[in-house]
Amino acid sequence: MCLSVPAKIVKILPDHMAVVCIDGVSLEISIALIDELDVGDHVLVHVGYALAKIDPIEAKRTLELLQELGSTGQELRP
């Protein structure tokens, strides 16, 4: 199973690279697979590559669900 995570582009770099923010963590990724991205756009990131541009509301909703899943996992630990 593959998991992609929503991220917000905070800086466009040369050579089809960008810096994104995922829940407060900055990461440099490749944006070579997507045309016409701007700072502030949201993308799905998988293994260091932006796979698709997504709606910011959907990005927020997905991150909230992932955080909820993470906190549920914490409650299940002995």
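Helices (H or I, at least four residues) and strands (E, at least two) are taken here as DSSP runs, numbered from the N terminus. The structure is a predicted model, so local features need pLDDT of at least 70 and side-chain atom pairs count only at pLDDT 80 or more, while totals for chains, interfaces and linings use all residues. Residues are numbered from 1 along each chain as its sequence is written, and side-chain values use heavy atoms, with hydrogens and water left out.

Start with the strands, where pairing means that DSSP finds at least two bridges between two of them. Strand S1 (residues 5-13) runs antiparallel to strand S2 (residues 17-22), with 5 bridges between the two. Ile-12 has Ala-18 in S2 as its bridge partner. The two strands make a hairpin with 3 residues between them, and Asp-15 in that turn has a positive phi of about 60 degrees. From S2, the chain goes on to strand S3 (residues 25-30), again antiparallel, and here 6 bridges do the joining. Ile-22 sits opposite Val-25 in S3. This hairpin has 2 residues between its strands, and Asp-23 takes a positive phi near 50 degrees.

On its other pairing, S1 is joined to S4 by 4 bridges, also in the antiparallel sense. Lys-8 faces His-42 of S4 across this pairing as its opposite residue. S4 in turn pairs with strand S5 (residues 49-54), antiparallel over 5 bridges, and Val-45 stands opposite Ala-50 there.

Leu-33 belongs to the loop between S3 and strand S4 (42-46). With 58% relative accessibility, Leu-33 counts as exposed; the cut-offs are under 20% relative accessible area for buried, over 50% for exposed, and partly exposed in between (1.4 Å probe, protein chains only).

Now for the charges. The structure holds 3 salt bridges, each defined as a side-chain nitrogen of Lys or Arg within 4 Å of a carboxyl oxygen of Asp or Glu. One of them links Lys-53 and Asp-41 at 3.5 Å, N to O. Lys-53 is in strand S5 and Asp-41 in the loop between S3 and S4, so this pair ties together parts that are 12 residues apart in sequence. Lys-53 is partly exposed at 47% relative accessible area, whereas Asp-41 is buried at 15%.

Helix H1 (residues 56-76) holds Glu-58 and Arg-61, which are 3 residues apart, or about one helical turn. Their salt bridge has its closest N and O atoms 3.5 Å apart. Glu-58 is partly exposed at 36% relative accessibility, and Arg-61 is partly exposed at 49% relative accessible area. Glu-64 and Lys-60 also meet in a salt bridge, at 3.4 Å from N to O. Both lie in H1, 4 residues apart, about one turn of the helix. Here Glu-64 is partly exposed with a relative accessible area of 40%, while Lys-60 reaches 54% relative accessibility and counts as exposed.
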